[in-house]
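Please look at the sequence and the model below before reading on.

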Amino acid sequence: MELDLAVDAAAERMEERLGLLKRTSEHKAWLQRTLFSASAETAANHLRRWMKATGMEVHYDALTNVYGLAQTSPDGPDAPRIHIGSHYDTVINAGAYDGTLGVLLGIAVVEVIREARLPLRHNLSALAFCDEEGVRFQTTFLGSAYLCGRFDQSWLDKPDEFGKTLGEWLVDRAESIDAVLQNEPYIRPSDCFLEAHIEQGPVLEAADKALGVFTEIAAQTRAEVEVIGRAGHAGTTPGSLRCDPLPVACRMVQAIDALCQSEEAVRATVGRLEVSPNASNVIPGKVRFTIDLRYPDAAGLRARRDRLQTELQRIADGSKVEYRYREAHWADDAILSPAITDALAEACECVQGEALRICSGAGHDSMMVARVCPTSMLAVRCREGLSHHPDEFVSEADCRLALKALVDAVIRLDRGA
Ligand code: GLV
Ligand code: MN
Ligand code: MN
């Protein structure tokens, strides 16, 4: 089949698949597909089916990563791989494109290369990582770390919000912990990785460009905070005799927001806050909340995290509550491969003219994969820069352009390597 016709056919299938995955959710009213949920299992089954249909050898691993290998190289299954993909889990009340678009683009690239019968020296691999958002365990990149051979044994003890650990989840799923820990990395230093992802910001739209490239990704950390007081009767306990953790937690949230407002480059967010027992006539006994903190480089992030911790401790010390701060996640910033970024930028130039180079404030599996093999990212325009929001939207035309650019980049990388 002629290349452009193969791109058209694959882009059309991709649009249908986006629609189906948008409806593959734990909740009818909003999109939510969390690691190990029934909806994630259903999505994984769709992905496996689509990968199989292209003739890929398909794998579904203990952590629920889905990946397919297309033997496009004449040198057999161990020839260097060009991996293309992203994550298929979502946040709560998610948009339909974050991660999912990159996963479907990976499958579509394999379809186009196969249908247009383009000869390659590399094998092609489509990746669907199981947990980038870290909704269940507050630690991101579980799936990509596992495929990169960077799974950390201590993660088995990470609890979800109900106290069930990752290790317990795996045992309940009849997985062998020994086998998980001895897993051979599928992503190797001789490979390379291309991740296409919606920009999740407004820069491309403002520049009237469908596509750009990410050159680096900001450092990020997450923490879980507990502020523990004493529950009591709302009607009988005077202020002086209360140990109410909620006003203390509010002062902490304000300190976190003050840090966020204090400089343009810092991002500080309290996205989850739980008040227990959460009853109108009961003084709260406990408040738990999360902190998501980001800065372009790791040293700068460390400095701001330390400053914030000092401030939160000062607030706690000035009250009667018990206070606990637990760091649940840390990721250094990532500088993406200049060679892969250039190949992607040249591909963008071919399909749309000049490509913008952007630093990503959002986290991506590429941060993990970049530690193992040359990695870079294609950024795709999304409407009003909106993401982690149900109105997230990428036009069909931009999805098609992204597919065209990725196919072009694969051909460049295959020839250049
Ligand atoms: C992932 O989407 C993140 O940046 O939180
Ligand atoms: Mn996301
Ligand atoms: Mn994402």
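Asn-278 lies in the loop between E10 and E11, where strands (E, at least two residues) and helices (H or I, at least four) are DSSP runs numbered from the N terminus. Although Asn-278 is not a glycine, it has a positive phi of about 65°. Most residues other than glycine have a negative phi, and most peptide bonds are trans.

This is a predicted model, in which local features need pLDDT of at least 70 and side-chain atom pairs count only at pLDDT 80 or more, while totals for chains, interfaces and linings use all residues. Residues are numbered from 1 along each chain as its sequence is written, chains are lettered from A and ligands numbered from 1 in the order in which they are written, and side-chain values use heavy atoms, with hydrogens and water left out.

| Ion | Protein donors | Distance to the ion |
|---|---|---|
| manganese ion (ligand 2) | Asp-98 (OD), Glu-133 (OE), Glu-133 (OE), His-388 (NE2) | 2.0 to 2.7 Å |
| manganese ion (ligand 3) | His-87 (NE2), Asp-98 (OD), His-197 (NE2) | 2.0 to 2.2 Å |

Along the chain, the donors of the manganese ion (ligand 3) follow the spacing H-x10-D-x98-H. His-87 lies in strand E3 and Asp-98 in the loop between E3 and H3, so this pair ties together parts that are eleven residues apart in sequence.

What bridges the manganese ion (ligand 2) and the manganese ion (ligand 3)? The bridge is Asp-98, and the two ions lie 3.4 Å apart. Asp-98 lies in the loop between strand E3 (81–87) and helix H3 (100–115) and Glu-133 in the loop between strand E4 (123–129) and helix H4 (142–147), so the pair ties together parts that are 35 residues apart in sequence.

Ligand 1 is surrounded by Glu-132, Glu-133, Arg-294, Ala-362, Gly-363 and His-388, each with a heavy atom within 4 Å of the ligand. Polar contacts are pairs of N or O atoms within 3.5 Å. A polar side-chain atom of Glu-133 lies 3.0 Å from an oxygen atom of ligand 1, and an N or O atom in the side chain of Arg-294 is 2.6 Å from an oxygen atom of the ligand.

Notes:
Polar contact = N/O pair within 3.5 Å; in protein donor to acceptor, adjacent residues only side chain to side chain. Donors = N, O, S within 2.8 Å, 3.2 Å for Na, K, Ca; no water.
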